[in-house]
Amino acid sequence: MLIRKKILLCVTGSIAAYKAAYITRLLVQAGAEVKVVVSKGALNFITPLTFSTLSKNPVFSDFTEDPDSGKWTNHVELGLWADLMVMAPLSANTLSKMAQGQSDNFLLATYMSVRCPVMVAPAMDHDMYSHPATQENLLKLKSYNHIVLEPASGQLASGLVGKGRMSEPEDIFEAIIAHFHPELPLQGKEVLVTAGPTYERIDPVRFISNFSTGKMGYAIAHALASKGARVHLVSGPTHETLFHPLVKIYNVESAQEMYDSCIALFEAMQISVLCAAVADFRPKKQVTEKIKKKDNSLTIELETTQDIAKELGRRKTSGQYLIGFALETENETEHTQAKLISKNLDMIVLNSLRDSGAGFGSDTNKISVFWPDNKVLHFGLKPKIQVAQDITELIIQMISQ
Ligand SMILES: Cc1cc2nc3c(=O)[nH]c(=O)nc-3n(C[C@H](O)[C@H](O)[C@H](O)COP(=O)(O)O)c2cc1C
């Protein structure tokens with residue numbers, strides 16, 4: 001998403017400086033070329049070695065590293081190199097100097113030299129942040145058309161609680177993506193995706209599960225994030241892996257854990273895609289010791305698990321979209337349409353185990369999509385990555401109607 005983008009990350013003397021290492025990593029992993037400038041104040045908190053290792057570029061902190069040689073780093077060249085300058089964290093001190101056009105160090109001289117947009121993420125104690133001088137300085141920066149990422153409220157390093165904590169690295173990353181790709185249709189949307197099977201423990205060594213591998217859910221999470229969504233992927237046990245800066249994975253094991261995670265996240269979501277194959281039943285009794293082989297048979301009494309789709313459908317408010325999946329072996333259309341209505345879904349994706357190459361484990365899938373107004377779309381057999389893109393496009397169309 002950031003291939004060939006040149007980002008100049010400037011780090012100043014705040015306790016949040018360590019978080020700039022993670023910002024560097026996110027940017028590099030998204031394909032950006034990153035050069036880091038650190039203020040003298042920042043060097044009290046984090047070393048250039050961290051940034052040079054992560055960015056794979058030299059780190060700049062002064063006009064000259066070796067005064068005797070007369071060799072110097074050209075701040076003007078560095079400023080003109082950048083497509084975007086990001087000040088994160090931005091200290092009260094550097095903020096004030098930026099507002100006044102001071103240039104008494106390398107970082108500020110570079111700032112004065114850039115022609116590209118500037119994004120700042122202030123970080124300071126609550127009282128420093130709310131001081132009228134700081135607020136005036138921020139207004140000044142806004143008048144220069146700089147992008148100001150408001151700090152968050154919460155526990156501060158000083159022990160105080162209030163506004164001043166730097167925007168989280170993922171939020172800064174997302175703002176950078178939004179800056180370069182304002183056209184992404186799911187920009188700023190919070191999306192829940194569930195994936196994989198659940199394990200329902202019989203005893204400490206055995207469980208009841210199903211053949212879901214999580215491939216479809218992970219592909220959907222990736223496709224949604226590629227369109228700018230911030231994805232919360234609640235995943236049952238799976239061998240699938242996914243690294244995308246906009247995807248946060250919540251690992252769960254049982255249907256109950258998946259239910260709890262989904263309920264905790266749901267209120268803040270605009271879109272939820274329930275792709276996991278959640279167990280419908282679990283052993284009624286939790287056995288703490290391994291069941292020994294004594295007789296020729298064993299009876300395990302099962303009870304139903306909590307229905308995630310039904311509960312989310314009940315809680316859904318206007319502006320929230322709920323997309324379900326159905327995996328059927330018979331009377332597919334009837335069962336799927338009944339599920340769509342009974343669970344208050346906005347769209348449901350059917351994959352039938354009767355279609356070869358569809359369903360669990362395979363890298364392909366064949367789906368039909370149903371809506372409450374009886375509209376139906378049938379797709380051919382495709383790789384799951386393409387199926388995920390088709391589903392994502394349908395979601396985008398649905399929410400923009
Ligand atoms: C432990 C510690 C934490 C600090 N945290 C912050 C902070 O979060 N924000 C801030 O504006 N200044 C903070 N300061 C003060 C700055 O480091 C100081 O103002 C410094 O001169 C900033 O220099 P710079 O803007 O050139 O990086 C902190 C100082 C110390 C010793």
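User: Which element gives the most to the lining of the largest pocket?

Analyst: This is a predicted model, in which local features need pLDDT of at least 70 and side-chain atom pairs count only at pLDDT 80 or more, while totals for chains, interfaces and linings use all residues. Residues are numbered from 1 along each chain as its sequence is written, and side-chain values use heavy atoms, with hydrogens and water left out. The elements (DSSP runs, helices H or I of at least four residues and strands E of at least two, numbered from the N terminus) that give two or more residues to this lining are β9 (190-195), α9 (215-226), α11 (308-315) and β17 (321-328). With 4 residues, the one that gives the most is β17.

User: Which residues line the largest cavity?

Analyst: A cavity is a set of points on a 1 Å grid over the protein atoms alone where a 1.4 Å probe fits but cannot get out, and lining residues have an atom within 4 Å of a point. The search of the whole structure finds 1 cavity of 30 Å³ or more, volume being the space filled by probe spheres set on the points, which are joined across faces, edges and corners. The lining consists of Val38, Ser39, Lys40, Ser61, Asp62, Asn105, Phe106 and Leu107.

Definitions and conventions: On a 1 Å grid over the protein atoms alone, a cavity is a set of points where a 1.4 Å probe fits but cannot get out, and a pocket is an open set with protein on both sides within 12 Å along at least five of seven lines; lining residues have an atom within 4 Å of a point.
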